[in-house]
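Here is a quick tour of a protein model for someone meeting it for the first time. Have a look at the sequence and the structure, then read on.

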Amino acid sequence: MDMKGHHTLQTSLQGIAKRIRKDHKARIGNVYGLLNVENLRECFYELRKKAAPGVDKVTFKDYEENLEQNLEDLNERLKCKRYRARLVRREYIPKGDGTSRPLGIPVLEDKLLQLAAAKVLVAIYEELFLPFNRGYRPGSNARETSRDLAEKFIYGNYAWVVDADIEGFFDHVNHDWMIRMLTERIDDKSFLRLIRKWLKAGVLEKDGKVISPTSGTPQGGVISPILANIYLHYVLDLWFEKVVKQRLKGGCMMIRYADDFVVAFEHEEDARRFLDNLPGRLGKFGLKLSKGKTQLVRFKRGDSLNNGGFDFLGFRYNWERTRKGKWKVQRHTASKRLKRSIKRFTDWVKLNRHKPLPLLMTALCRKLSGYWQYYGVIGNFHCLRQFWFQVERGLYKWLNRRSQKRSITWERLNRLIKHYKIPLPRITESRQQLFDFMRV
């Protein structure tokens with residue numbers, strides 16, 4: 001499929017999607033030509049302006065000062081095949097369990113190209129992805145997915161859940177398999193070589209050591225989410241849809257969000273067979289299950305004594321009775337996630353306590369608004385109150401350590417909370433969502 005011409009990027013992407021929609025076995029060619037000056041300029045203004053710079057220290061503002069010249073130079077290197085992926089700067093983000101998560105920060109020019117390439121991949125694969133693949137997709141978000149999962153249990157006939165976790169997924173994606181999968185739908189060697197360059201880009205550690213990755217996707221790279229989705233589309237989704245489901249005795253369903261997924265079965269025998277076969281399937285593609293985080297759980301309506309629960313997307317799922325005596329799947333903030341959120345807030349207020357109060361409180365408003373927006377689901381108010389209690393304690397403790405003199409009383413803290421309109425715990429699901437969720 002020739003994508004040359006003076007079309008906008010969006011028009012070209014719509015043409016790709018239309019072609020795939022008509023023929024799911026089509027291979028798209030000449031997409032490398034979409035990485036031209038006009039389309040790169042369009043993508044440039046979609047980048048985060050305040051994002052951390054890569055190893056070259058070039059910021060959004062720096063690149064923008066000579067944007068046209070920079071884009072022309074980049075385009076020329078692409079045409080002449082002289083473009084080289086730069087080192088990825090490695091940072092580590094603390095996790096709630098005391099460990100840290102590696103994060104790669106590419107240079108701005110690599111981010112720009114990756115964004116343009118990611119748009120091409122999304123145009124191709126959005127038409128191919130299965131409905132239960134919910135992560136990193138347009139129009140999908142984690143809280144909506146969590147509610148959809150709960151509703152599937154309410155209206156379904158499932159009794160067993162495989163709660164699975166892939167160990168270090170982003171670090172173990174096999175590069176050869178990744179390119180082989182992309183080749184199924186992309187007939188453009190130059191475009192595929194470009195993706196391989198990003199997969200193979202060296203990583204600069206904080207101690208100055210450079211690591212050449214043999215597997216994994218560039219975490220922190222703009223293109224990483226869509227590559228991860230493509231990989232698991234072939235490794236897990238198609239296998240589940242075309243092989244696993246055909247061999248079951250009863251009903252089943254799966255929801256996957258990035259590398260985190262839950263599979264529900266009607267019969268225990270089916271669930272155990274799936275769990276037995278899953279390690280072999282993942283192992284073929286260089287992946288393995290996390291033994292400590294993967295479990296088989298009995299999860300049946302009307303059996304609270306023998307049932308277990310499971311965590312997914314930051315929530316704990318349990319069967320509970322409504323006030324009218326009916327059964328529902330209730331979502332509460334997962335205990336590990338609650339502890340992690342409290343620790344993160346405590347660390348944040350400790351680190352930022354010396355900032356002027358208006359700046360500190362404005363930032364706090366944003367943080368709490370986002371927290372209530374995600375965790376403010378029906379029936380979870382007591383967990384919101386637990387978090388708010390710790391927020392108040394943290395503010396009282398660390399604001400009183402801004403100086404040697406203790407100046408914040410509980411009365412003054414309450415006045416500050418009202419003055420700066422700090423959002424209090426609240427359920428943020430709409431009335432319509434409440435009606436839909438409770439319709440049993």
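Four strands make up an open sheet in the order 3-2-6-7, and their pairing is mixed. Here strands (E, at least two residues) and helices (H or I, at least four) are DSSP runs, numbered from the N terminus, and two strands pair if DSSP finds at least two bridges between them. At the edges you'll find strand 3 (100-105) and strand 7 (210-211), each with a single partner strand, so one side of each has no neighbour in the sheet.

Strand 2 (residues 88-94) and strand 6 (residues 203-204) run parallel, joined by 2 bridges. Look for Val 88, which sits opposite Val 203 in strand 6.

## Where the model comes from

This is a predicted model, where local features need pLDDT of at least 70 and side-chain atom pairs count only at pLDDT 80 or more, while totals for chains, interfaces and linings use all residues. Residues are numbered from 1 along each chain as its sequence is written, and side-chain values use heavy atoms, with hydrogens and water left out.

Another open sheet has 3 strands, ordered 11-12-13, with antiparallel pairing. Its edges are strand 11 (310-312) and strand 13 (327-333); each has a single partner strand, so one side of each is left without a neighbour in the sheet. From one strand to the next, the twist averages 40° (angles run from 0 to 180 degrees between N-to-C directions, and axes are lines fitted to C-alpha atoms, for helices over the stretch in contact).

Strand 11 and strand 12 (residues 315-321) run antiparallel and share 3 bridges. Phe 312 has Phe 315 in strand 12 as its bridge partner. Helix 6 (residues 142-155) lies across strands 11, 12 and 13, at about 155° to strand 13.

## Two helices side by side

The axes of helix 1 (residues 9-22) and helix 5 (residues 108-125) come within 7 Å and cross at roughly 30°. The two helices are therefore roughly parallel to each other (that label covers angles under 35 degrees).

Which residues of helix 1 and helix 5 meet? Leu 9, Leu 13, Ile 16, Ala 17 and Ile 20 in helix 1 touch Lys 119, Val 120, Ala 123 and Ile 124 in helix 5, where contact means heavy atoms within 4.5 Å.

## The whole chain

Altogether, the chain has 16 helices and 13 strands. Its C-alpha atoms fill a box of roughly 65 × 65 × 40 Å, taken along the principal axes.

How values were computed. Angles under 35 degrees count as roughly parallel, over 145 as roughly antiparallel, 65 to 115 as roughly perpendicular and the rest as oblique.
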